[in-house]
Protein chains: 2
Amino acid sequence: MSDTLSPALLHKMHAYWRAANYLSVGQIYLQSNPLLKSPLKLEHVKPRLLGHWGTTPGLNFLYVHLNRLIQENDLNMIYIIGPGHGGPGIVANTYLEGSYTEFYPAIERNEHGLARLFRQFSWPYGIPSHVAPETPGSIHEGGELGYSLAHAFGAAFDNPDLIVSCVIGDGEAETGALAASWHSNKFLNPARDGAVLPILHLNGFKIANPTILARISKQELTELMLGYGYEPHFVEGDDPMLVHQLLASTLDSVLAKIREIQNKARANNQTESHERPKWPMIVFRTPKGWTGPKTVDGKPMEGTWRAHQVPIADFKTPEHLALLEVWLKSYKPEELFDENGKFLKELAALAPTGHRRMGANPHANGGLLMHSLTMPHFHDYAITVLQPGSVKAEATRVLGKFLRDVMKLNLEKENFRLFGPDETASNRLDAVFEVSGKEWMAEIDGVDVNLNQQGRVMEVLSEHLCQGWLEGYLLTGRHGFFSCYEAFIHIIDSMLNQHAKWLKVTKDIPWRKPIASLNYLLTSHVWRQDHNGFSHQDPGFIDHVANKKSDVVRIYLPPDANCLLSVADHCLRSRHYINVIIAGKQPEWQWLDIDAAVRHCSIGAGIWQWASNDEGKPDVVMACAGDVPTLETMAAVTLLREYIPDIRICVVNVVDLMVLQPQSEHPHGLEDHDFDALFTLDKPVIFAFHGYPTMIHKLTYRRHNHHNIHVRGYKEEGTTTTPFDMVVLNDLDRYRLALDAITRIPRLADRVEAETARYWTTMERHKLYVSEHGDDMPEVKDWRWSS
Amino acid sequence: MSDTLSPALLHKMHAYWRAANYLSVGQIYLQSNPLLKSPLKLEHVKPRLLGHWGTTPGLNFLYVHLNRLIQENDLNMIYIIGPGHGGPGIVANTYLEGSYTEFYPAIERNEHGLARLFRQFSWPYGIPSHVAPETPGSIHEGGELGYSLAHAFGAAFDNPDLIVSCVIGDGEAETGALAASWHSNKFLNPARDGAVLPILHLNGFKIANPTILARISKQELTELMLGYGYEPHFVEGDDPMLVHQLLASTLDSVLAKIREIQNKARANNQTESHERPKWPMIVFRTPKGWTGPKTVDGKPMEGTWRAHQVPIADFKTPEHLALLEVWLKSYKPEELFDENGKFLKELAALAPTGHRRMGANPHANGGLLMHSLTMPHFHDYAITVLQPGSVKAEATRVLGKFLRDVMKLNLEKENFRLFGPDETASNRLDAVFEVSGKEWMAEIDGVDVNLNQQGRVMEVLSEHLCQGWLEGYLLTGRHGFFSCYEAFIHIIDSMLNQHAKWLKVTKDIPWRKPIASLNYLLTSHVWRQDHNGFSHQDPGFIDHVANKKSDVVRIYLPPDANCLLSVADHCLRSRHYINVIIAGKQPEWQWLDIDAAVRHCSIGAGIWQWASNDEGKPDVVMACAGDVPTLETMAAVTLLREYIPDIRICVVNVVDLMVLQPQSEHPHGLEDHDFDALFTLDKPVIFAFHGYPTMIHKLTYRRHNHHNIHVRGYKEEGTTTTPFDMVVLNDLDRYRLALDAITRIPRLADRVEAETARYWTTMERHKLYVSEHGDDMPEVKDWRWSS
């Protein structure tokens with residue numbers, strides 16, 4: 001094999017790598033004396049040693065080599081780092097290429113800047129230890145592990161010019177999300193999308209254990225990658241000079257392969273189907289903690305799990321200081337930086353320039369590239385509601401038509417996709433198939449419908465992949481919408497956490513531009529999973545999301561189709577939020593015409609005057625949030641009118657859950673006097689809620705009338721039964737709500753006993769009916785409104 | 001290839017399969033006329049058609065063949081059904097083998113029983129549509145999809161005699177958890193553990209899409225399975241007669257292979273290491289909805305995604321009734337059941353008997369087999385605490401020694417394992433390695449420590465696998481303990497939901513015996529992830545768990561090592577709960593000697609008299625839950641004593657979070673008067689809490705003094721900083737708590753301004769110090785107690 005790198009280039013690239021390693025070790029250890037101009041003393045070493053050395057030299061090695069590839073081929077490339085613990089390495093490389101100083105001018109490219117660079121790392125009010133939102137060039141935190149490859153594919157979709165190099169740690173590779181992500185190659189179209197180059201970094205160890213993929217045979221690993229649909233290229237070694245040549249030649253051939261795949265796909269008419277390519281991937285096997293101390297305290301260090309974090313700690317042992325100095329000096333900083341601490345020009349010249357630098361690629365700061373969606377006018381999709389409760393509709397089917405046209409109007413922009421775990425049609429959004437199919441690069445068969453290689457609907461039975469792809473797509477400046485069964489969205493609870501944290505932190509980073517919101521539609525929700533049963537019933541995502549920082553989360557419970565349209569339009573236009581919309585797909589009574597819906601949703605909560613008859617002096621407030629609770633509340637109001645004609649009821653519906661919180665806690669929170677105008681100061685409030693009842697208490701405990709708020713919601717009761725029995729099992733049914741109201745109204749005290757008896761009779765009748773008929777009783781239809 | 005099945009046996013097995021299919025279709029459709037003795041009429045068809053036909057015939061086919069294998073080889077086998085939607089099939093098979101009627105005597109083995117069997121399915125107050133806890137022989141619900149294979153391995157561990165046949169749906173195979181689960185074969189020791197036989201059921205489609213694994217080439221799928229470390233055996237076809245022979249011969253050779261692997265491993269000295277075997281697995285490719293209608297309404301049905309649920313619906317179309325009748329009659333029920341509706345004897349004889357029936361195998365009702373752990377006396381591990389705050393200890397390290405001896409005392413019983421994602425040593429439980437290593441069947445290298453093939457500590461970088469294995473282990477009657485970083489336990493939120501649902505439902509099934517509790521130790525918690533930063537900080541699992549049914553969840557926040565011992569001992573002895581224990585691993589001040597700790601933990605909350613000086617008349621209650629909040633509260637008390645010597649403080653510590661709820665909501669809830677004795681009726685309560693503050697409000701909103709409870713906790717602020725700065729960032733620090741107290745005590749109103757000024761001066765000093773020194777100020781040590 002002839003050498004890919006000339007001796008001169010090899011020498012320079014190796015020096016560049018040494019510089020990156022030196023800066024990495026410096027960040028972990030030094031608080032001063034950054035160029036070791038004076039002998040290393042204890043006072044130069046930080047008091048707390050934080051950071052992860054183990055993965056860092058490998059990440060640095062790859063960075064230097066990707067720089068060469070970009071330079072020589074003028075590539076548009078970003079770098080996703082699965083082992084996000086390797087923060088110092090990426091900071092070092094973006095510093096060396098100059099992008100770091102552009103974002104953070106105080107970190108100058110001289111000795112003074114080096115001192116600050118070192119000191120700020122993992123230092124209070126400095127920078128985090130991981131590849132973080134603060135790190136230029138990153139769209140991926142990596143602290144949790146598992147999502148790098150899904151993010152990489154999300155970034156590559158609709159970016160035909162982009163190559164996403166994605167390092168996957170061999171520890172990370174053991175996680176579920178990552179194990180599933182390899183199959184993303186069945187959803188990436190080489191004619192339309194960019195390329196993902198997975199680099200499995202086998203450095204062999206986790207915190208305290210070897211990794212599985214480093215301890216199976218090379219043959220098994222090869223088979224595994226072939227089975228996942230990749231062509232593996234192995235780069236293995238511990239002699240840097242040999243590995244430099246091997247990686248360089250491998251990257252050249254891998255790039256050629258990518259180009260070949262893309263050229264072939266793009267030469268054809270792009271609307272034609274072509275064979276799914278076997279994309280190249282690299283297995284990069286190098287020692288953990290490469291170039292670090294070989295042994296510490298007589299124990300092997302380089303190439304072992306001991307190199308995971310800080311290899312030399314405890315500077316009470318005097319030899320450790322000398323060992324650290326030897327280690328740092330082994331990189332020969334004097335050959336890398338001039339006496340002012342400036343990186344030598346001939347080395348710096350190896351890096352790409354401008355936006356070609358991976359630390360400055362605008363795709364890694366997606367807000368810069370984001371264009372607003374062209375939006376259809378959502379009023380055009382509205383259901384005609386001449387009178388509340390006069391017509392039924394399937395809310396999500398109505399939404400589907402709107403989404404179809406969002407898709408249609410942005411087909412040319414190529415910046416909108418719909419994501420879902422095999423549920424787009426089940427969730428009744430199938431109108432979108434009129435304008436776009438489902439992306440599918442695997443084999444297509446005669447019985448398949450709506451599958452093709454040009455689809456913009458992304459369906460795979462993995463919530464992890466839907467979420468990861470969508471995040472990657474949003475973070476690189478595009479828009480999306482994720483529809484999911486409500487119960488199973490918990491599968492990505494942890495991913496939601498990490499994305500929420502990313503949004504929270506990036507809000508305060510001036511150079512990070514806002515991105516499109518992450519929009520969820522949770523449908524097939526708890527109340528209508530009567531057919532699938534208990535395992536499919538869980539409304540707890542609301543609770544999970546509500547714990548996140550209030551300036552990034554929004555939760556909407558539109559009571560009908562027109563409200564859903566208004567909310568969805570708002571969410572798709574919004575920026576930098578996580579929007580959770582919960583709405584059913586079954587035919588349900590409609591309440592508001594579109595104008596009323598818009599007014600209602602813009603405030604977020606309001607009195608439904610047409611259903612109220614209290615003239616401002618209610619006996620009871622019947623409040624509701626969620627479509628099924630709204631239906632039950634409306635029915636309860638009708639029952640109450642029937643039972644006690646002179647009862648004065650005020651009906652309040654809540655769309656935007658966050659209005660319930662005090663304004664001090666959430667920007668959507670109602671002012672106290674507005675809240676009081678809805679919920680009164682002293683009247684009983686019967687609140688029918690979609691989720692777990694305590695959520696309402698959690699949001700309202702500081703409100704004046706809180707002790708009078710009585711909430712019904714899901715209390716973890718359910719099975720395969722009828723829709724109405726689901727609400728009965730959880731005491732959320734109309735009869736229970738009516739009884740609750742009567743029980744709480746002081747002037748009706750003498751009615752309570754009789755009404756309670758009526759309630760139990762009704763329940764007996766219900767149970768008898770459903771167990772005999774296997775279905776619900778015919779429903780109440782004669783709504784009695786005051787108007 | 002000579003036929004494995006004789007013509008007579010083939011004929012009978014086929015008939016058995018027809019019977020299972022007939023009963024499956026019957027369950028989905030019929031409410032009467034179970035043997036079709038009269039012509040099918042609309043009134044015989046259920047009003048709501050629920051259930052999943054698509055996967056069912058394949059599951060039935062496998063059941064019949066596994067029965068033969070069990071019968072001929074006297075196997076101890078259970079059957080885990082990943083595609084849990086196929087409920088009717090498993091109910092049908094357990095009915096045919098007789099186990100169903102033993103558990104549910106009302107479902108007799110005659111026409112009357114058949115009618116009930118059919119009608120109860122997916123009928124209100126009947127049985128769920130999925131393979132559910134109600135289903136004999138099941139330890140796996142399967143509604144959520146993804147956890148079958150991990151459950152199977154958990155069941156096989158330490159059950160050398162058991163074979164776990166595990167059907168994995170090809171839809172399920174796309175999930176993250178399942179994709180990671182294949183690698184479980186690196187953790188199963190053939191000498192000690194049972195066998196798992198994965199059967200990948202390629203029926204090609206999900207709800208609305210083909211599956212990935214059905215649409216890659218056979219070569220790729222073969223490579224994938226080889227890469228995962230299995231030897232794939234393909235059984236493919238749509239002609240039942242051919243598939244019968246092929247599956248039978250494949251099962252014979254697969255069993256021979258399993259026996260060969262086990263014999264080889266067991267022939268050696270079992271403490272010796274041996275090569276990791278390539279276990280066999282089966283790819284079973286048969287049509288979705290096999291034997292169902294070929295077409296419905298002119299559209300292809302069998303072998304397409306349309307067969308997923310109910311193939312013929314909408315009986316307003318008159319031809320549909322005839323189509324259903326033809327379908328049902330195609331199984332020739334008259335050849336299968338006698339005129340009383342009893343399954344023909346010669347067919348019934350194919351099934352195994354007694355505990356060999358998969359529906360009656362005691363391993364699938366683990367409580368039957370469970371033996372209590374032999375427990376060391378936890379007092380023996382206690383820290384000596386002569387005076388509160390006089391000694392420091394690492395709580396989890398103390399626990400580690402206790403767990404080591406739990407492990408040791410049960411080594412012979414082989415019924416206890418420790419699970420964790422690469423964090424046992426990081427979480428300072430490494431004392432267990434003195435008695436047991438970490439299980440590892442992949443290659444072992446010289447630098448590895450504590451790895452071997454006989455280990456009982458299960459470490460893999462996948463929370464999904466840890467959880468799935470542990471669930472499988474518990475459900476089959478053993479005990480375990482899962483330690484995890486607090487933030488990343490959210491990865492298994494959804495699995496927790498499903499397990500909690502399983503426990504809730506099984507409590508009400510008389511023949512299901514209680515199993516050991518699922519015990520979590522969450523450590524490396526939010527307050528001490530200062531080094532790893534924001535991504536590692538999340539205390540929200542508490543909120544997630546607290547939403548589950550109160551009779552299955554328990555949350556403990558031991559403030560020190562001795563309390564942790566007491567709580568852990570209690571949890572390991574408990575049954576049928578989910579116990580969450582949150583405790584730190586860093587050296588921290590200790591408060592209670594072991595006797596005091598036991599008293600404190602047994603009540604769950606109490607006044608710490610030694611830290612209080614209120615003589616029953618406090619100015620303020622300083623409450624705390626969690627180790628770091630307790631430390632800050634203790635320090636705040638010391639500060640308050642210093643600032644205002646005559647302040648009267650009552651210190652309350654909460655270990656068992658559920659005591660805060662009213663007794664009506666949770667069995668651990670304190671009676672109101674007991675709660676009031678701790679928290680007073682009218683004094684300000686400053687509550688320092690480990691998690692999100694709203695949790696305390698959610699638990700206490702019905703309590704008398706709720707409006708006086710002021711909670712500090714995690715408010716989603718954090719980064720890489722110092723431990724003390726973490727509490728400062730979230731207003732949970734001692735200075736803030738002290739100021740909170742002063743601000744809320746009416747008689748100190750004139751001090752508020754000065755104390756606020758002092759607070760801000762202190763904060764300035766703190767910030768200056770940490771930003772200059774990169775570390776916290778030396779801590780307060782001179783505790784001032786009243787005693």
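In chain B, helix α2 (residues 56-73) packs against helix α3 (residues 87-97) at an angle of about 30 degrees, with the axes 8 Å apart. This is a predicted model, where local features need pLDDT of at least 70, side-chain atom pairs count only at pLDDT 80 or more, and totals for chains, interfaces and linings use all residues. Residues are numbered from 1 along each chain as its sequence is written, chains are lettered from A and ligands numbered from 1 in the order in which they are written, and side-chain values use heavy atoms, leaving out hydrogens and water.

- Two packed helices are described by the angle between their axes and the distance between the axes.
- Helices are DSSP runs (H or I, at least four residues), numbered from the N terminus.
- Axes are lines fitted to C-alpha atoms, for helices over the stretch in contact, and angles run from 0 to 180 degrees between N-to-C directions.
- The angle makes α2(B) roughly parallel to α3(B) (under 35 degrees; over 145 is roughly antiparallel, 65 to 115 roughly perpendicular, and the rest oblique).
- The crossing of α2(B) and α3(B) is right-handed (the near helix is turned clockwise from the far one by less than a right angle; anticlockwise is left-handed).
- On the α2(B) side, the contact residues include B:Thr56, B:Leu59 and B:Tyr63 (contact means heavy atoms within 4.5 Å).
- On the α3(B) side, they include B:Pro88, B:Ile90 and B:Glu97.
- Helix α1 (residues 7-29) of chain B and helix α9 (residues 240-267) of chain B cross at roughly 110 degrees, and their axes come within 11 Å.
- So α1(B) and α9(B) are roughly perpendicular to each other.
- B:Leu10, B:Met13, B:His14 and B:Trp17 of α1(B) meet B:Pro240, B:Met241, B:His244 and B:Gln245 of α9(B).

- A:Arg18 lies in helix α1 (residues 7-29) of chain A.
- A:Arg18 is buried at 10% relative accessibility (buried is under 20% relative accessible area, exposed over 50%, partly exposed in between, with a 1.4 Å probe and protein chains only).
- Not counting residues up to four places away in sequence, A:Arg18 touches A:Tyr331, A:Lys332, A:Glu335 and A:Leu336.
- A:Thr56 sits in helix α2 (residues 56-73) of chain A and is buried, at 0% relative accessible area.
- Beyond its neighbours within four places in sequence, A:Thr56 contacts A:Ser24, A:Gly86, A:Pro88 and A:Gly89.
- A:Ala597 belongs to helix α17 (residues 594-603) of chain A and is also buried, at 0%.
- A:Ala597 and A:Ala382 are 215 residues apart along the chain, yet their C-alpha atoms are separated by 9.7 Å.

**How the two chains relate**

- Two copies of a chain are related by a rotation about an axis and a shift along it.
- Chain B can be laid on chain A by a turn of 180 degrees and a shift of 0.0 Å along the axis, with an RMSD of 0.0 Å (least squares on the C-alpha atoms of residues with pLDDT of at least 70 in both).
- That is the relation of a two-fold axis.
- The same surface serves both copies, as 99% of the contact residues of chain B recur in chain A.
- In chain B, B:Gly176 comes closest to the rotation axis, at 2.0 Å (C-alpha).

**Cysteines**

- There are zero disulfides over all chains (a disulfide is a pair of cysteine sulfur atoms within 2.5 Å).
- The sulfur of A:Cys571 is 9.8 Å from the closest cysteine sulfur, in A:Cys601, so it is too far for a bond.
- A:Cys571 is buried, at 1%.
- B:Cys650 is in no disulfide, and the nearest cysteine sulfur, that of B:Cys624, is 11 Å away.
- B:Cys650 is buried, at 3% relative accessibility.

Technical notes. Helix = DSSP H or I, 4+ residues; strand = E, 2+ residues; numbered from the N terminus.
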